[in-house]
Amino acid sequence: MTALDPVRFLAKNLRVDLVLIAGMIEPGSRVLDIGCGDGTLIDHLFRTKACDARGIEIDMAEVTRAVAHGLPVMHGDADIDLQHYPDGAFDYVVLSRALQAVEKPRMVLQQMLRIGTRAVVSFPNFGHWLVRWQLLSTGRMPMTATWARPWHETPNIHPCTIRDFFALCEEEGYCVERWLAADEGGQRSPWRRSAWLANLFGEQGVFLLRRR
Amino acid sequence: MTSTADTTDPRVSVEHTHATFDEGFTLECGVVLRSHTVAFRTYGTLNADKSNAVLVCHALTGDQYVAETHPVTGKGGWWTAIVGPGCPVDTNKFFVICPNVLGGCMGSTGPLSIDPATGNPWGTDFPPVTIRDMVRQQKRLIEHLGIARLFAVIGGSMGGMQVLQWAALFPDAVFAALPIATASHHSAQNIAFHEVGRQAIFADPDWRQGRYWRDGVIPARGLAVARMCAHITYLSEEALSRKFGRRLQNAPKDPAEAINLFGEMFEVESYLRHQGSTFVQRFDANAYLTITRAMDYFDLGADFDGDLANAFRGTKTRFLLASFSSDWLFPTSESRTIARALNRAGANVSFVEFPTDKGHDAFLLDEPDFHRTLAGFLRGCALHARLET
């Protein structure tokens, strides 16, 4: 079994995302959580908000853990399996800290907003000052609590910054209904008015998107 | 419901609990059975509002003795790790029903039964049946037991085909569906292996055009070869290597029994031979032909304009698809095809593949992760069904 264990995504502090993302989701809605891990978020949404929440996860050990907890989770790959869902099947499609690890982030976002009315996306911010400082001062790829793997081991093949993400939403014509930046502990950063400051001091970004 | 003894065959001389329905039953092929019997076993207790019933569907050579000693073979039930008190399908909580399939040979109407038109066993004249016919007969049994909706339908391999058919045909009667190690259609390769088995039966001199029962013989050799061939497909190369490798053992003296050099034979040969010879003591050759054919015919997507998603549109049933990594008879890709069709239909689906080297047979064997997952899925469903357990 150990031989089959795939490379883990960067350590997910789901407690953080859980609170921030759950705060953007209306009670009683239909939710698909892509990269749901052991299903903590969908369990939370079902129990506290009576949502019909389901999940897709690529790591089979996590899928097994989730289903063994009675959660509706299927093994699947965000890059491949979203095309099989019908248009508008969900009120929210969630992608929690996995955008940077998918093969085709732009296509995954398009699929999310095809099958869901709204998308909730969170990702670690590569524009954080410590990341910038490390690259500038050492000339080596940054290694921080968030970006904790050497460049050749990381599954995070598409890192982006908060401002990059704003730009992508603009290009793709998505409406950013809400957004916030937070530190690793889940504390909302106080720079919500300024994307520029949030991009410097926020360790992660959380976005609520809608088709325009 | 009465039990009767029939003395034409040791398999039916054992009394099997059954229900006989005297109204006609029109098969998919158009033939009408004037009356039909379902042999079945139940475990646990049906609750007051009849909401805790779980139907277990058996595979090709299984039968209704899922969780108890078999009255013919004396062996333990075929799924005692799954069904029983404290097991994933917990008989302390659920009322479990396991019927013998239509076309089978353990008491349900099949080629061993008497054709009322002739007074003889049906034999090869038994009409072709389909997975759909099997499921419709099971529905009749469930109604007879006073159950409008099953909490869950579960089965592996051909049992999984029945689960899919149940969910497609009677979506409102199935709260949760658990098709295990199965496919929405039988592949060309699977049909090919079945055909090898059938030809082995036909080639046996004791086959006698399927009327072997008239002469008091059975095509034991042919049926055993069919079983041996099929048994290989239930295992994996790794499992065979692990269990037997190239180890040798003493060969029987009879040159008609074994090809041997220096009085030795391979252990795997001996194992397969044992599988074949024990099988013929409990299974009827004509039933084997009937049921393998039913599996071959199965193509649920084709019944719904070629799109499997159409079989499940609007369904409220919760699905758990489970497959096993070394299963090459019903590989994970087949389960994934079903999962994607269910996604297209907007259904609630869980899908897990379990890593194992035990091949297709893994669904019958000790696989703790699989068992934990089944238990957890059913627990989750019970929560959503507000089932008091």
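Domain bounds here come from an automatic or database domain assignment. For chain B that assignment gives domain 1 (10-186 + 299-384) and domain 2 (190-288). This is a predicted model, in which local features need pLDDT of at least 70 and side-chain atom pairs count only at pLDDT 80 or more, while totals for chains, interfaces and linings use all residues. Residues are numbered from 1 along each chain as its sequence is written, and chains are lettered from A and ligands numbered from 1 in the order in which they are written.

**Stop 1: the two domains of chain B**

Colour the two ranges separately. Taken over C-alpha atoms, the centres of domain 1 and domain 2 of chain B are separated by 27 Å. Domain 1 of chain B gives 23 residues to the contact and domain 2 of chain B gives 18; two residues are in contact if their C-beta atoms, placed from the backbone, lie within 7 Å. The side of domain 1 of chain B that touches domain 2 of chain B holds 8 nonpolar, 11 polar and 4 charged residues. In this classification Ala, Val, Leu, Ile, Met, Phe, Trp, Tyr, Cys and Pro are nonpolar, Asp, Glu, Lys and Arg are charged, and the others, Gly among them, are polar.

**Stop 2: helix H8 of chain B**

Select residues 285-297 of chain B, which form helix H8. Helices (H or I, at least four residues) and strands (E, at least two) are DSSP runs, numbered from the N terminus. The end C-alpha atoms of H8(B) are 19 Å apart, which agrees with the 18 Å that its 13 residues should span at 1.5 Å a residue; the expected span is 1.5 Å times one less than the number of residues.

H8(B) is largely enclosed by the rest of the structure, because 10 of its 13 residues are buried. A residue is buried if 20 or more other C-beta atoms lie within 10 Å of its own, exposed if 12 or fewer, and partly exposed in between, with C-beta atoms placed from the backbone. Among the buried residues of H8(B) are B:Tyr288, B:Leu289, B:Ile291 and B:Met295. Their cover includes helices H2 (131-144), H3 (158-169), H4 (188-203) and H5 (220-234) of chain B.

**Stop 3: helix H3 of chain B**

Move to H3(B), where 11 of the 12 residues are buried, so this helix too is largely enclosed by the rest of the structure. B:Met161, B:Leu164 and B:Trp166 are among the buried residues. The buried residues of H3(B) pack against strands E5 (53-57), E9 (150-156) and E10 (174-180), and against H2 and H8 of chain B.

**Stop 4: strand E1 of chain A**

Chain A has 8 helices and 7 strands. Select strand E1 (residues 30-34) of chain A; 4 of its 5 residues are buried, so it is largely enclosed by the rest of the structure.

Which strands flank this selection in the pairing? E1(A) runs parallel to strand E2 (residues 52-57) of chain A, joined by 5 bridges, and A:Leu32 stands opposite A:Arg54 in E2(A). E1(A) also pairs in the parallel sense with strand E4 (residues 90-96) of chain A, over 4 bridges. Strands pair if DSSP finds at least two bridges between them. In E4(A), A:Leu95 is the bridge partner of A:Ile34.

**Stop 5: where chain A meets chain B**

Show both chains. In this interface, 19 residues of chain A are in contact with 22 residues of chain B. On the chain A side, helix H3 (60-68) and strand E3 (73-75) are the elements that give two or more residues. H3(A) provides the largest share, 5 residues. By class, this side of chain A divides into 13 nonpolar, 5 polar and 1 charged.
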